[in-house]
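Here is a short tour of a protein model for anyone who likes to know which side chains meet which. Have the sequence and the 3D view open as you read.

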Amino acid sequence: MQSNPVFRSWLFVVCAVACGLFAASRPAQAMVVWTSTFEKGDLSEWTPGTNPTKGTRKNVEVLGEKVHSGSYACKITVHPDDLFGGNNQDRVDIQHQSTLTTEGKDTWISGYYLIPADVGMRNEFAFWESNVSSQNVMDFWLEPKTGGGTTIGFGVGALASTKLWTADLAVGVWHQVAIHVHWSTTATGSVDAWLDGVQVVTNHLGKTKADTNTLFYQNGLHRRAPGNFTDIIYFDDLIEADTFAEAKIMASGQPDTDGGASADGQTDTADTSGSGGSAIPGSGGAGGAAGSGVASGSGGATIPTGSGGAPATGTGGSGTTGAGVTTSNGCAIAGGDRTGAGLAALLVLAAIARARRRG
């Protein structure tokens, strides 16, 4: 017996509505917008900066002598004669032009840094600066410690005029430095910072953009004034993303979870972490029962269990396991429907199927 055309039309409409509601309830997908591993053996992941060479001397090099992972990392050396323009500063750096610095946007950047010896004087090594207007708005820096050693610090304002944090830093080992900025020309902006996965600045509120211009992230060694010292820094494995989880902010030595080799060279586990609110535990449901005019549906696709996002971005959602339903138009609804409207659509669909079988 052929199926009723009216029944088929209703079935199609209900399934389309249910699938649309389910898709609309899913959060926007997090993105990694830029990475720099230097594995191409060059600086193609960056834009030119300041004083990469001095005559025949290379101040910026991609080498394999010290790496965080892979075969290459960037080495930057600043010398007493690496003067910058008419500003009477020693400076060698390279730039990353961010796509996430317009008003109201958020960006997370993490990267690994190593200094082979204590620095001779204060050097800014990672800082945000505006295009066109060249306004420095926040810095990480290195500084000699009284009595020996090196400290690391972070601050906001021109050349970090407002110090927010400082701590001792071990030399000769890799450290992950990370920052999150909510960009705003008003006091609604905010900044967070991490060292080796430990949050050291939390939700510092204030103006994070000097003006409406976009910004770039500079890495290297920059001094407020010349100094009779030669300092070196290495950096590797940088990530810029629009969420905390995608930026892989983690303690040193902790494996990442993307299913490939971790940034610290350890073999990691399969990815089980979801960004906040996006985890949907539950396997696919059994296939729909056969009915007149409706082919037996196959089981819903299995969705791997995902843990909630990190506390900084909210805990993950906790969908419930539900039976997968595959309709005749091929649109599958997996277990764990997260909306009351989606559940109602499923109930309507089941009622129509039962009525059709009785007829």
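Start with His-175, whose side chain makes a polar contact with the side chain of Asp-196 at 2.9 Å. A polar contact here is a pair of N or O atoms within 3.5 Å; within protein, one must be able to donate a hydrogen and the other to accept it, and residues adjacent in sequence count only if both atoms are side-chain atoms. His-175 sits in strand 14 (residues 175-182), and it counts as buried because its relative accessibility is 10%. Buried means under 20% relative accessible area, exposed means over 50%, and partly exposed is in between (1.4 Å probe, protein chains only). Not counting residues up to four places away in sequence, His-175 also touches Gly-111, Tyr-112, Tyr-113, Leu-169, Ala-170 and Leu-195, among others; a contact is heavy atoms within 4.5 Å.

Where does Asp-196 sit? Asp-196 is in the turn of a hairpin formed by strand 15 and strand 16, with two residues between them, and has a positive phi of about 50°. Strand 15 (residues 190-195) and strand 16 (residues 198-205) pair in the antiparallel sense over five bridges, and Trp-194 stands opposite Gln-199 in strand 16. Two strands pair if DSSP finds at least two bridges between them.

## What you are looking at

A word on ground rules: this is a predicted model, with local features needing pLDDT of at least 70 and side-chain atom pairs counting only at pLDDT 80 or more, while totals for chains, interfaces and linings use all residues. Residues are numbered from 1 along each chain as its sequence is written, and side-chain values use heavy atoms, with hydrogens and water left out.

The protein has two helices and 20 strands; helices (H or I, at least four residues) and strands (E, at least two) are DSSP runs, numbered from the N terminus. Of its 359 residues, 43% are buried. Among contacts between residues at least 6 apart in sequence, 63% join residues at least 24 apart. The accessible surface is about 16500 Å², with 56% of it belonging to carbon and sulfur atoms; that area comes from the Shrake-Rupley method with a 1.4 Å probe, and for residues, only the protein chains shown count as cover.

## The nonpolar cores

The largest nonpolar core has 40 residues, of which Phe-125, Trp-128, Met-138, Phe-154, Ile-179 and Phe-235 touch the most other members. Strand 11 (residues 136-144) gives the largest share of this core, four residues. A nonpolar core is a set of buried Ala, Val, Leu, Ile, Met, Phe, Trp, Tyr and Cys residues joined through side-chain atoms within 4.5 Å.

Leaving aside neighbours within four places in sequence, Phe-235 is in contact with residues including Phe-38, Trp-46, Cys-74, Ile-94, Tyr-112 and Trp-174. There is also a second, separate core of seven residues, which includes Trp-108, Ala-178, Trp-194 and Ala-247.

The whole structure holds nine salt bridges, each a side-chain nitrogen of Lys or Arg within 4 Å of a carboxyl oxygen of Asp or Glu. Arg-91 meets Asp-93 at 2.7 Å, N to O, and Glu-129 at 3.5 Å, N to O. Arg-91 lies in strand 8 (residues 89-97) and Glu-129 in strand 10 (residues 123-130), so this pair ties together parts that are 38 residues apart in sequence. Arg-91 counts as buried at 6% relative accessibility, and Asp-93 does at 0%. Arg-122 and Glu-124 form a salt bridge too (2.7 Å, N to O), and both are buried. Elsewhere, Arg-57, Asp-81 and Asp-82 are linked in a network of salt bridges.

Which side chain does His-222 make a polar contact with? The partner is the side chain of Gln-89, at 2.9 Å. His-222 is in strand 17 (residues 215-222) and is buried, with a relative accessible area of 4%. Leaving aside neighbours within four places in sequence, its contacts include Arg-91, Arg-122 and Glu-124.

## Two asparagines with positive phi

Most residues other than glycine have a negative phi. Asn-51 has a positive one of about 55°; it is in the loop between strand 2 (47-50) and strand 3 (53-54). Asn-203, in strand 16, has a positive phi of about 50°. Asn-51 is buried at 18% relative accessible area, whereas Asn-203 counts as partly exposed at 43%.
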